[in-house]
4 protein chains.
Amino acid sequence: MSPTPGAKGRAPHRRSEQARIAVLHAADDLLAERGFAAVTIEGIAARAGVAKQTIYRWWPSKVEVLLDTLIEDSEQALAVPDTGSAVEDARQYLHALASFITGDPAGKVLLALIGEAQHDEQMAGAFRTRYLEPRREAERAMLARGVAAGELSPDLDVDRALDELLGPIFYRALITGGPISRTFTDLVVFQVLG
Amino acid sequence: MSPTPGAKGRAPHRRSEQARIAVLHAADDLLAERGFAAVTIEGIAARAGVAKQTIYRWWPSKVEVLLDTLIEDSEQALAVPDTGSAVEDARQYLHALASFITGDPAGKVLLALIGEAQHDEQMAGAFRTRYLEPRREAERAMLARGVAAGELSPDLDVDRALDELLGPIFYRALITGGPISRTFTDLVVFQVLG
Amino acid sequence: MSPTPGAKGRAPHRRSEQARIAVLHAADDLLAERGFAAVTIEGIAARAGVAKQTIYRWWPSKVEVLLDTLIEDSEQALAVPDTGSAVEDARQYLHALASFITGDPAGKVLLALIGEAQHDEQMAGAFRTRYLEPRREAERAMLARGVAAGELSPDLDVDRALDELLGPIFYRALITGGPISRTFTDLVVFQVLG
Amino acid sequence: MSPTPGAKGRAPHRRSEQARIAVLHAADDLLAERGFAAVTIEGIAARAGVAKQTIYRWWPSKVEVLLDTLIEDSEQALAVPDTGSAVEDARQYLHALASFITGDPAGKVLLALIGEAQHDEQMAGAFRTRYLEPRREAERAMLARGVAAGELSPDLDVDRALDELLGPIFYRALITGGPISRTFTDLVVFQVLG
DNA sequence: GAATAACCGAGACGGTACGTCCAGTCTTGAA
DNA sequence: TTCAAGACTGGACGTACCGTCTCGGTTATTC
């Protein structure tokens with residue numbers, strides 16, 4: 001995250017914040033409007049009013065551009081809740097996740113990046129390091145709070161539980177394409193966390 | 001090439017089976033050896049000793065070539081078992097699935113196709129129609145046998161149970177990249193089917 | 001239309017003659033209209049209605065394209081004359097040469113290629129082999145006829161004489177930019193051949 | 001014009017002489033070592049340890065940098081001689097010229113600039129104004145001394161004679177690539193000046 | 001002796017063209 | 001008809017330089 005001070009800051013930074021934002025928006029918009037195939041470096045550059053070289057200077061590939069947009073977007077749209085009850089947190093979180101990946105344009109970015117990760121091991125590494133692991137940590141903390149509060153069994157295998165919670169949602173989103181209703185997510189939570 | 005006049009042989013100069021096999025093998029091998037990025041029509045044609053036109057004549061896209069290889073391969077390597085016990089069937093099936101997508105070259109094809117499906121809605125449709133749905137039907141039958149035998153609850157939501165069984169395995173394979181042990185798959189089965 | 005063997009090109013065309021001509025014309029026109037800096041592969045391709053790859057397939061560089069146009073053009077516009085008198089031949093040839101390089105668009109191609117040859121040793125080799133040497137041979141023959149006929153001294157050093165004839169014309173064209181009048185070329189011939 | 005380092009007293013603008021020298025040397029060296037294609041503003045700047053802006057501040061283009069190096073170098077290596085005999089002066093001068101353009105690294109600069117002048121009319125103007133015309137004046141004076149001394153015919157067309165002297169040397173250097181022996185230059189002088 | 005301003009290095013920026021790879025279409029000649 | 005071969009248009013790739021533009025740092029008079 002860039003240090004964004006108040007109005008202008010003294011920023012001796014050479015990098016143009018304006019160009020950075022324009023690139024992220026352009027990539028995002030292209031994916032939402034015309035699909036992943038339309039997300040090309042040339043297309044992003046043209047839409048952002050930016051030179052290709054500027055993109056290559058700051059991002060190793062177009063998927064890293066999308067990864068940046070995803071990280072910025074999902075911090076807002078997909079915060080891990082903390083209501084006091086771990087089960088309720090899980091219910092809310094899974095519902096928000098389902099909405100995100102089925103309805104939010106930024107959710108399409110997430111799915112596209114998971115798709116791309118299947119083709120590119122290096123990209124998969126960046127995805128896990130920069131997106132998945134920080135999020136996973138917050139998810140673990142969510143369940144750990146429940147264990148600490150006595151709401152969940154002390155024997156709970158947190159990592160397995162998380163895979164059992166998230167797996168079915170992503171299975172529908174990535175593979176079957178089926179709908180993911182609130183009922184479905186609630187029943188998954190009930191199944192896993194009792 | 002001997003056109004095997006043994007059976008009936010009404011049309012001797014039809015599609016070349018030799019070319020078909022060569023294309024499927026070439027695509028498979030390229031994916032296994034050099035990754036999805038190396039799977040190009042030109043690359044397949046060159047390795048198979050086949051003209052590009054021959055590929056375009058019989059397959060609408062390179063992913064359909066891979067889909068053909070997947071279907072042929074997974075019918076052998078990933079049959080739905082029928083031991084008499086639905087729970088045991090599920091345990092065996094999930095274990096075989098985990099081995100397939102983590103160890104078998106053909107499993108890499110499956111993951112690559114799921115990846116590609118995120119970028120291409122049309123391809124996703126073909127994947128579901130030709131690969132997923134027939135398999136899903138067999139999976140449903142597997143659980144239905146358990147319900148009919150009284151081994152599983154008559155209230156079991158078969159489709160949800162399947163997503164809960166398969167989701168965690170694919171979540172690890174597609175997203176976290178974590179290992180999928182026999183213990184893990186067994187515990188998932190226990191969690192979902194009791 | 002039925003492909004009557006006589007009407008159209010009966011050759012088993014691999015290479016497209018239409019594309020070849022379009023490329024040569026486009027390069028020529030770009031040089032004449034907008035100068036050497038405008039002769040780019042992309043510019044030629046765009047103007048010729050041809051893909052860049054088609055140019056790269058048949059020519060190693062843009063200067064070889066120009067070299068092809070030069071060879072075709074100068075065979076027509078700059079034939080070595082044969083009037084029966086070597087001195088008269090030389091007068092006519094030098095005058096034609098002066099007109100070619102100062103007035104004819106194809107002459108601009110010649111000067112541009114000589115310019116480029118200063119920067120690129122490989123190109124210089126191609127220029128000499130494909131353009132200069134065949135022409136030099138005809139020029140030598142022109143003077144040799146005069147020697148054989150007794151019109152020119154048997155002691156004449158033909159190669160030196162050619163350099164003394166052609167040098168001053170090219171010196172003006174390439175370096176001083178001065179005018180090259182008929183009087184000038186005639187006096188050069190008189191000086192060298194007496 | 002460059003400020004002469006000897007003139008002090010007034011406050012000339014604070015141009016860095018060190019940077020100026022470094023740029024000229026870098027351009028010269030790049031041309032000699034890696035050819036004209038390697039003479040880029042970025043390459044010069046990097047090798048000279050100078051900012052691109054510094055080059056743009058003082059030279060309108062990279063060829064003007066080379067022109068500066070040529071002028072400095074050729075004033076030393078290519079002075080018009082004055083022995084008392086115009087014919088002898090011409091013999092020495094043509095020989096020195098031949099050595100310069102075939103052997104001296106600075107001679108490569110001269111040929112490269114003549115080459116570039118074919119592509120860029122503006123550069124051709126600068127080349128003639130700053131390099132060629134001062135030199136031409138000295139060459140004219142060389143022959144004029146011979147005419148005044150009665151060594152050469154009072155009818156001699158000095159400009160034509162110069163083109164006939166220099167043309168053959170440059171023809172070989174620029175076009176045929178042939179060797180330029182002392183015998184050759186001497187015979188050219190004899191042919192033109194008798 | 002501080003302020004000022006041209007000069008310097010560094011390098012980001014919007015661009016153009018490079019030469020390559022591959023997509024998908026079309027044509028040829030043999031079997 | 002199919003097939004191997006491969007030329008064709010077209011689009012994107014990632015790279016190299018172009019010429020312009022700040023950004024701080026450095027001198028070296030000038031106030």
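Q: Which helix gives the most residues to the surface near DNA strand F?
A: This is a predicted model, in which local features need pLDDT of at least 70, side-chain atom pairs count only at pLDDT 80 or more, and totals for chains, interfaces and linings use all residues; side-chain values use heavy atoms, with hydrogens and water left out. Residues are numbered from 1 along each chain as its sequence is written, while chains are lettered from A and ligands numbered from 1 in the order in which they are written. With four residues, the most is given by helix 3 of chain C.

Q: How many charged residues does the surface near DNA strand F have?
A: Ala, Val, Leu, Ile, Met, Phe, Trp, Tyr, Cys and Pro count as nonpolar, Asp, Glu, Lys and Arg as charged, and the others, Gly among them, as polar. By these classes the surface near DNA strand F has 12 nonpolar and 11 polar residues, and the number of charged residues is 12.

Q: What share of the atoms of DNA strand F within 4 Å of the protein belongs to sugar or phosphate?
A: Around DNA strand F there are 35 residues, and those that come nearest are A:Tyr56, B:Ser16, C:Thr54, C:Trp58 and D:Gln53. On the DNA side, bases supply the rest of the atoms within 4 Å, and the share of sugar or phosphate is 57%.

Q: Which residue has a side-chain N or O atom 2.5 Å from a base nitrogen of DNA strand F?
A: A polar contact is a pair of N or O atoms within 3.5 Å; within protein, one must be able to donate a hydrogen and the other to accept it, and residues adjacent in sequence count only if both atoms are side-chain atoms. Phosphate oxygens of DNA strand F lie 2.8 Å from a polar backbone atom of A:Ile41 and 2.7 Å from a polar side-chain atom of A:Tyr56. The base nitrogen is 2.5 Å from the side chain of D:Gln53.

Q: What area is buried between chain B and chain A?
A: Contact means heavy atoms within 4.5 Å, and 32 residues of chain B are in contact with 32 residues of chain A. Buried area is the accessible area (1.4 Å probe) that two parts lose on being put together, summed over both. Carbon and sulfur atoms give 60% of the buried area, which is about 3,000 Å².

Q: Which residue forms a salt bridge with A:Arg172?
A: A salt bridge is a side-chain nitrogen of Lys or Arg within 4 Å of a carboxyl oxygen of Asp or Glu. Across the interface of chain B and chain A there are two salt bridges. In the one formed by A:Arg172 the closest N and O atoms are 2.5 Å apart, and the partner is B:Asp163.

Q: Which element gives the largest share of the side of chain B that touches chain A?
A: The interface of chain B and chain A holds 14 residue pairs in polar contact (both at pLDDT 80 or more). Two or more residues on the chain B side come from each of helix 6 (105-117), helix 7 (121-148), helix 8 (158-176) and helix 9 (182-193). The largest share, 14 residues, comes from helix 8 of chain B.

Q: Which three residues of chain C lose the most area to chain D?
A: Chain C and chain D bury about 3,000 Å² between them, with 60% of it on carbon and sulfur atoms. Together accounting for 23% of what the chain C side buries, the three are C:His119, C:Tyr171 and C:Ile175.

Q: What percentage of the interface residues of chain C are also interface residues in chain D?
A: Chain C can be laid on chain D with an RMSD of 0.2 Å by a turn of 179° and a shift of 0.0 Å along the axis. The copies meet through the same surface, because the percentage of interface residues of chain C that are also interface residues in chain D is 100%.

Terms used: A residue is near a molecule or strand if one of its heavy atoms lies within 4 Å of it. Copies are superposed by least squares on the C-alpha atoms of residues with pLDDT of at least 70 in both.
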